[in-house]
Amino acid sequence: MNRRVAVTGIGVVAPGGIGVPQFWALLTDGRTATRGITLFDPDGFRSRIAAECDFDPAAHGLTADQIARNDRYVQFALVAADEAIADAGLDPGREDPWRMGVSLGTAVGGTTRLEHDYVLVSSRGEHWGVDHRPAEPHLERAFTPATLASAVAERIGAHGPVQTVSTGCTSGLDAVGYAALAIEEGRADVIVAGACDSPISPITVACFDAIKATSARNDDPEHASRPFDKSRDGFVLGEGGAVVVLEEWEHAERRGARIYAELGGFATFGNAYHMTGLTQEGVEMSEAIDRALAHARLPGDAIDYVNAHGSGTKQNDRHETAAVKRSLGAHARRTPMSSIKSMVGHSLGAIGAIELVACTLALHHGVVPPTANYTERDPECDLDYVPRTARELPLRHVLSVGSGFGGFQSAVVLSRAEAA
Amino acid sequence: MSPTRSAVITGVGVISPHGIGADDYWKALGEGRSALSRIDREGCENLPLKIAGLVRGFDAEEYVEPRYLVQTDRFTHFAMAAAELAMSDADLTSHPDDPFQVAVVTAAGSGGGEFGQRELQHLWAEGPHHVGPYQSIAWFYAASTGQISIRGGFKGPCGVVASDEAGGLDALAHAARAVGRGTDTVLAGAAEAPIAPYSMVCQLGYPGLSTADDPDRAYRPFGSDAVGFVPAEGGAMFVVEDAESARRRGARTRARIAGHTATFTGAARWAESREGLAHAVRGALAEAHCAPDEIDVVFADALGVPEADRAEALALADALGDHAERVPVTAPKAGFGRAHCGAPALDVAAAVLALEQGLIPPTPHTEDCPYGLDLVIGHPRPAELRTALVLSRGQMGSNTALVLRRA
């Protein structure tokens, strides 16, 4: 019994526009959604720029109660899940609820809300001993990352396996990858998978300031996220989320669903090297790519496009370039590889799922999104990064890779339905 | 689980309110002792929550090197110490010949609360430049997996389940499945440290939290006088291994992870959890090729909320039939509390030890059980044990069942 995994629906909440059409227009236009931080006053911080979502939850159908009960990142998930399910033409009420699951990732969960209430209960950090009385209702839902998958599962009526995954910045790839394995191995037939984060708050900005991981190009935020470019100086923090509907292939065919792609390959490894540092050689990411290809039963030279982690830190882009060359060999030089973080920033755990939606759209439309802001070649990053302009290209198989704090290295292979 | 590769537990590491290490833990369980006490942590004095299961006498420096200590929260100290104990128990060494064959999987439901609160205080009282360089890696849920993997040189398919309490069992299943797909060894489990002042504030909204101020009365699961559950800290890590590789290296096999199923029935919908838990038990039994009457002992979720306790008893009746009236059910966690994902991990440790020792530890505090279960109370019960069923439910709606077989 060989169960295959189909991607039948996509939904996205991203900087620059909510929903798939706006997202795809931004990417294919090569526009950037990075700007000065407006979600709080960033005065006094080293990095004062971010890729923010202009998000009005009420306009996207959430009730006052849903808005009150759920932190911003969970609201992203509810809205993206609605879009993905509608896109898939799936009626969750007609599915066997015990065969339907949810797998969602987040790197930092409810930090923003936790910080907000911390300020209330500690009198702005005055006391170690806190006064619980000013805390707002539903704080326990921000404290518990499981709220993410739980809220979506309640919305769609899933009774099958429901999990929240938190592997730093590979959370999105891993949550979707785990879901694919669960379908392949028979634990569910339909899984709503993806990831969300809304980390743009003082504590998160300060913690990346402290290790100089983020860009300080505060006077030019639109051009601050510069993956692979020689002048890159760190990532630009983002927020958002994306959800895909994964289905067992025959299940999708039986209900006549449009199949965007097959998710045939997934692998993840640890680098056991450093919580934030990366090696020069990228051996572990390369191992993840090799195993994901083997899982998909594809040779390296079948890959037509690499969706890069491309965070725009000095070490990441070098590490990743080395890993892709190690796995794809000479084919790496012929293969376009771009980073959409140049346009939508780095939304930590969410970005892997957002990038999988970009990959699905790239396969579907035969268009490779560019790396915006790429102008100057770095000798250590010597691949084709699709500078500034989207490229039309028939695509059969695409690879998306990710790298996260904690040493996580993940890879996912998606194939166009007809090529699968 | 995999039809060809079977996952066994070869090492157990425990950090619990009952003490450090599996021996102290088992001794306390066997005596039916309780470790619940008044919360005496600085900054918690004025909270309307008085009783918890606190880990006392834990010297992090004994298990964690200074360079890791400064980078990590107490929850990671617990996880690293428990991993160290489990590795030593399994005779597993760091830096394996093939690093990609050893992975780390933890469940984490509360993160690095104490560390995070300290850095939040630095930020809000002193300014952004006072936030330290380790906040980015100490607070987040992936901290323990990352640090254990780095310290041991373990590069396998590492993961983090940030689910609710039941995630503690899901992490073990995740590990067993990785073994099924070809990874030889996975360090898996969960440890949590949510008894810092602000973390406590964040938990006050949990329905069912016991605010009683008498350690003997605060958590009496299945009792007619149950008033809720108490929070706690601690957890357990395990060495989960391919049975064949364990045999090849001469490791002692402690128990086999035979079956698992997770379901979801909605946050704090305890009545609905009956169906979810029954479904999970049936699924786990099917995966384990186990008939209901083969279950020799049940380690219950035992929330201590009457509606939830009743739902759990009914779920057992639904899934096990008549056997539910006969099978001994126990909840040693009544004596050490519910440390998020750490609590079911500690239950698994108790189940492994019970299978080995042929002894069912009792449920402390509880004096009666009006739900038609054979609840083990008062004294431990000697029994021939081959198969244990471990149950867990989470505040956010998960229900999980795990079947363990004696090696």
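The largest nonpolar core of this predicted model has 310 residues; such a core is a set of buried Ala, Val, Leu, Ile, Met, Phe, Trp, Tyr and Cys residues joined through C-beta atoms within 7 Å. A residue is buried if 20 or more other C-beta atoms lie within 10 Å of its own, exposed if 12 or fewer, and partly exposed in between, with C-beta atoms placed from the backbone. The residues with the most contacts inside the core are A:Ala77, B:Ala82, B:Leu172, B:Val240 and B:Ala349. At least three residues come from each of domain 1 (7–248) and domain 2 (259–406) of chain B, the bounds being those of an automatic or database domain assignment. The model is predicted, and local features need pLDDT of at least 70, side-chain atom pairs count only at pLDDT 80 or more, and totals for chains, interfaces and linings use all residues. Residues are numbered from 1 along each chain as its sequence is written, and chains are lettered from A and ligands numbered from 1 in the order in which they are written.

Leaving aside neighbours within four places in sequence, B:Ala349 is in contact (C-beta atoms, placed from the backbone, within 7 Å) with B:Val12, B:Val14, B:Ala22, B:Tyr25 and B:Ala236. Helix 1 (residues 22–30) and helix 13 (residues 342–357) of chain B pack at about 80 degrees, with axes 11 Å apart. Axes are lines fitted to C-alpha atoms, for helices over the stretch in contact, and angles run from 0 to 180 degrees between N-to-C directions. The two helices of chain B are therefore roughly perpendicular, a term for angles of 65 to 115 degrees. B:Ala22, B:Tyr25, B:Trp26 and B:Leu29 of helix 1 meet B:Ala349, B:Ala350 and B:Leu353 of helix 13. This contact has 7 nonpolar, no polar and no charged residues.

Between the domains of chain B, 58 residues of domain 1 are in contact with 56 residues of domain 2. Helix 7 of chain B gives the most to the domain 1 side, with 6 residues. Helices (H or I, at least four residues) and strands (E, at least two) are DSSP runs, numbered from the N terminus.

The contact between the chains takes 67 residues from chain A and 68 from chain B. Helix 8 of chain A supplies the largest share of the chain A side, 7 residues. Among the buried residues of helix 4 of chain A are A:Arg113, A:Leu114 and A:Asp117. Their cover includes helix 4 (113–126) and helix 8 (197–203) of chain B.

Methods. Parallel < 35°, antiparallel > 145°, perpendicular 65-115°, else oblique. Contact = placed C-beta atoms within 7 Å. Nonpolar A, V, L, I, M, F, W, Y, C, P; charged D, E, K, R; others polar.
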